[in-house]
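Dear colleague,

My notes on what was found in it follow directly after.

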Amino acid sequence: MPSVNKISRYDRENPKRIIVIGVGIVGASLAYHLASKGAQVTVVEAQGIASGVTGTSFAWINTSCAGPDPIAALRGGAIAAYRQLETQVPGLTLRWHGALLYGTQDGRVSPACILIERARISQLEPNLRQPPQQAVYEPEQGALDAVAATHALLAAARALGATVLTHTPVLGFIVLGARVMGVKTAAGLIVADTVVLAAGTGTATLAAQLGASLPIHASPAIFLRYQAPSGLVRGIISRHAMEVRQDDEGTVLAAEDYADDAPENQPAAMARRTASAIRNELEGAEAIVPEFVCIGLRPMPLDGVPVIGYLPWRTSC
């Protein structure tokens, strides 16, 4: 993908034509930022808006990392970037309610984390039945509605002249020598100066059409929603028994790793087990009702480092 700094030097009288493939939150963000720099942006999506992993995201905005972090600078700027974006994009709403982490084994922390005692924990999450003696508190962290955020970013991109084509799968690429000149779709050819791949787990398949092997795999996770009384969870709670937050409508959101295909790890069984954990941990959660559960496939680089830049031997992709 091209850098924003490179885009900032584009001639607005002769704007670069850029195709973004994929309209999840990443593709929508790229469309907005590129359009804001003066590029002529066309977003192409095989299905609907936020129909992939974006629609099944826990959407926790954090900069935490366990162990050495090769992208510390990039990760560290994420919260500041979201706060700036919040002031620029109409309708983009974020909840900066902080996160509590305890009783986990992954060791995720950020430079902003602080260690707090039981009294402070009870103030932050008064519905915890048995607050721990200590917890790591990440006051700068937050969350968003990933689907709503995608729509807000696309609306802002459209206002800057971007075109969004949904239900338009990319069938191939227009290639001239080592240069990618655009994409082929069922609706016809779309030419461009640069093509950006932001298609989630489909990115590796698209890159393979251009002879490149990207180190991306589909990492399954279970996303759950529960009907619940409002005010049950104030921020984000992450511990071994559950990882939960609550949205503005009162829906409790939870996320769990998907271990394997064993019956006890299937979505319905996981929904029941997580509901039981929530009831055990939180006062007032007795009446929560499962509303939705599914497996989402997250595009994860094998080495944990984002795949950013031009594909090898291609001058535009």
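I begin with Thr-251, which, leaving aside its neighbours within four places in sequence, is in contact (heavy atoms within 4.5 Å) with Arg-225, Tyr-226, Arg-245, Gln-246 and Glu-291. Thr-251 is placed in the loop between S16 and S17, where helices (H or I, at least four residues) and strands (E, at least two) are DSSP runs numbered from the N terminus. At 13% relative accessibility Thr-251 counts as buried; buried means under 20% relative accessible area, exposed over 50% and partly exposed in between, with a 1.4 Å probe and protein chains only.

Please note that this is a predicted model, in which local features need pLDDT of at least 70 and side-chain atom pairs count only at pLDDT 80 or more, while totals for chains, interfaces and linings use all residues. Residues are numbered from 1 along each chain as its sequence is written, and side-chain values use heavy atoms, with hydrogens and water left out.

Ala-50 has a positive phi, near 55 degrees, and is found in the loop between strand S2 (40–44) and strand S3 (60–61). With a relative accessible area of 9%, Ala-50 is buried. His-167, also not a glycine, has a positive phi of about 50 degrees. The loop between strand S9 (163–165) and strand S10 (170–176) holds His-167, which counts as exposed at 59% relative accessibility.

Turning to the helix H8 (residues 267–281), its 15 residues reach 21 Å from the first C-alpha to the last, close to the 21 Å expected at 1.5 Å a residue; the expected span is 1.5 Å times one less than the number of residues. The buried residues of H8 are Pro-267, Ala-269, Met-270, Ala-271, Thr-274, Ala-275, Ala-277, Ile-278 and Glu-281. Their cover includes strands S14 (216–227), S15 (236–239), S16 (242–246), S17 (252–257) and S18 (289–301).

A search of the whole structure finds two aromatic pairs. The criterion is that rings of Phe, Tyr and Trp (its six-membered ring) have centres within 6.5 Å, with planes under 30 degrees apart counted as stacked, over 60 as edge-to-face and the rest as tilted. The ring centres of Phe-58 and Trp-60 are 6.4 Å apart and the planes stand at 75 degrees, so this pair is edge-to-face. Phe-58 counts as buried at 8% relative accessibility, and Trp-60 counts as buried at 13%. For Phe-223 and Phe-292 the centres are 6.5 Å apart and the planes at 65 degrees, so that pair is edge-to-face. Because Phe-223 lies in strand S14 and Phe-292 in strand S18, the pair ties together parts that are 69 residues apart in sequence. Phe-223 is buried, with a relative accessible area of 5%, whereas Phe-292 is partly exposed at 33%.

Finally, the second largest pocket has a volume of about 380 Å³. Of its 23 lining residues, the closest to its centre are Leu-144, Asp-145, Ala-146, Arg-245 and Asp-247. A pocket here is an open set of points on a 1 Å grid over the protein atoms alone, where a 1.4 Å probe fits, with protein on both sides within 12 Å along at least five of seven lines; lining residues have an atom within 4 Å of a point. Helix H6 (146–159), strand S8 (142–144) and S14 each supply at least two lining residues, and H6 gives the most, with four.

Yours sincerely

Definitions and conventions:
Points joined across faces, edges and corners; volume = space filled by probe spheres on them.
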